[in-house]
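Subject: The structure to look through

Hi,

Here is the structure I said I would pass on to you. Have a look at it first, then read my notes below.

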Amino acid sequence: MNVKTILATKGGDIVTIEPGVDLAAAARLLSTHRIGAVLIQGAGGRIAGILSERDIVRALAEHGAAALTLQVAQVMTRNVTTCGEDETIASIMERMTAGKFRHMPVVTNGKLVGLVSIGDVVKHRLEQMEREQSALRDYIQTA
């Protein structure tokens, strides 16, 4: 199973925000969309960074309530790890675990096509395991 499978089920909707928006507006955006991270788009639509709930918590710990007035560009994670649609779910699960992050933009031919979360990955892996278990049960019952 690969990333394309996840996007086919989940869809390719991507929530983005501009780097000059303040952290309070970004937090509202995350809350409104019920998501844990938002991509920051730079010039030409390129990925400039990603802002996660974790980034917001770090900013609040460092700056207190004043952090909410900071621009997203001051708080976002700039080094964004991406994947391709053809990568396996096991591969990106391993990369997410090793890198200790939970969201990965999907890029194909230089174009942003989606965003997968560790929740998406775990959900699809569990579904795959359930299908395998069911197939084994069916096989055993017919043998």
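Let's start with the contacts along the chain. Of those with a separation of 6 or more, 54% are made by residues 24 or more positions apart. Keep in mind that this is a predicted model.

You can count 6 helices and 5 strands in the chain, and going along the sequence they come in the order α-β-α-β-β-α-α-α-β-β-α. Taken along the principal axes, the C-alpha atoms fill a box of roughly 65 × 35 × 25 Å. The chain has 143 residues, and buried ones make up 33% of them.

You'll find T69 in the loop between α3 and α4 (72-75). Is T69 buried or exposed? It has 63% relative accessibility, and exposed means over 50%, so T69 counts as exposed.

Next, a pair of helices. Helix α1 (residues 3-10) packs against helix α6 (residues 118-142) at an angle of about 100°, and their axes are 10 Å apart. Angles from 65 to 115 degrees count as roughly perpendicular, and therefore that is how α1 and α6 stand to each other. Which residues make the contact? On the α1 side they are T5, I6, T9 and K10, and on the α6 side D120, V121 and H124. Sorted by class, the contact of α1 with α6 has 2 nonpolar, 3 polar and 2 charged residues.

The largest pocket has a volume of about 300 Å³. It is lined by 17 residues, and the closest to its centre are I50, T77, K100, F101 and R102. Both β3 (47-52) and α3 (53-63) supply at least two residues of this lining, and α3 gives the most, with 4 residues. By class, the lining of the largest pocket splits into 4 nonpolar, 7 polar and 6 charged residues.

The second largest pocket holds about 230 Å³ of space. Among the residues that line it are K10, G11, D13, I14 and V15, along with H33, I35, G36 and A37. H103, L115 and S117 belong to that lining too. Here the classes come out as 5 nonpolar, 5 polar and 2 charged. Look out for K10 while you're there: it lines this pocket, and it also takes part in the contact between α1 and α6.

Last, a bit of backbone geometry. Most residues other than glycine have a negative phi. Two residues in this model go the other way:

- R34 is not a glycine, yet its phi is positive, about 55°. It sits in the loop between α2 (23-33) and β2 (37-41). R34 is exposed, as its relative accessible area is 77%.
- N109 also has a positive phi, near 50°, and is a residue other than glycine. Its place is the loop between β4 (103-108) and β5 (111-117). With a relative accessible area of 82%, N109 is exposed.

That's what I have for now.

Cheers

How values were computed:
Residues are numbered from 1 along each chain as its sequence is written. This is a predicted model: local features need pLDDT of at least 70, side-chain atom pairs count only at pLDDT 80 or more; totals for chains, interfaces and linings use all residues. Side-chain values use heavy atoms; hydrogens and water are left out. Buried means under 20% relative accessible area, exposed over 50%, partly exposed in between (1.4 Å probe, protein chains only). On a 1 Å grid over the protein atoms alone, a cavity is a set of points where a 1.4 Å probe fits but cannot get out, and a pocket is an open set with protein on both sides within 12 Å along at least five of seven lines; lining residues have an atom within 4 Å of a point. Grid points are joined across faces, edges and corners, and a volume is the space filled by probe spheres set on the points. Ala, Val, Leu, Ile, Met, Phe, Trp, Tyr, Cys and Pro count as nonpolar, Asp, Glu, Lys and Arg as charged, and the others, Gly among them, as polar. Axes are lines fitted to C-alpha atoms, for helices over the stretch in contact, and angles run from 0 to 180 degrees between N-to-C directions. Angles under 35 degrees count as roughly parallel, over 145 as roughly antiparallel, 65 to 115 as roughly perpendicular and the rest as oblique. Contact means heavy atoms within 4.5 Å.
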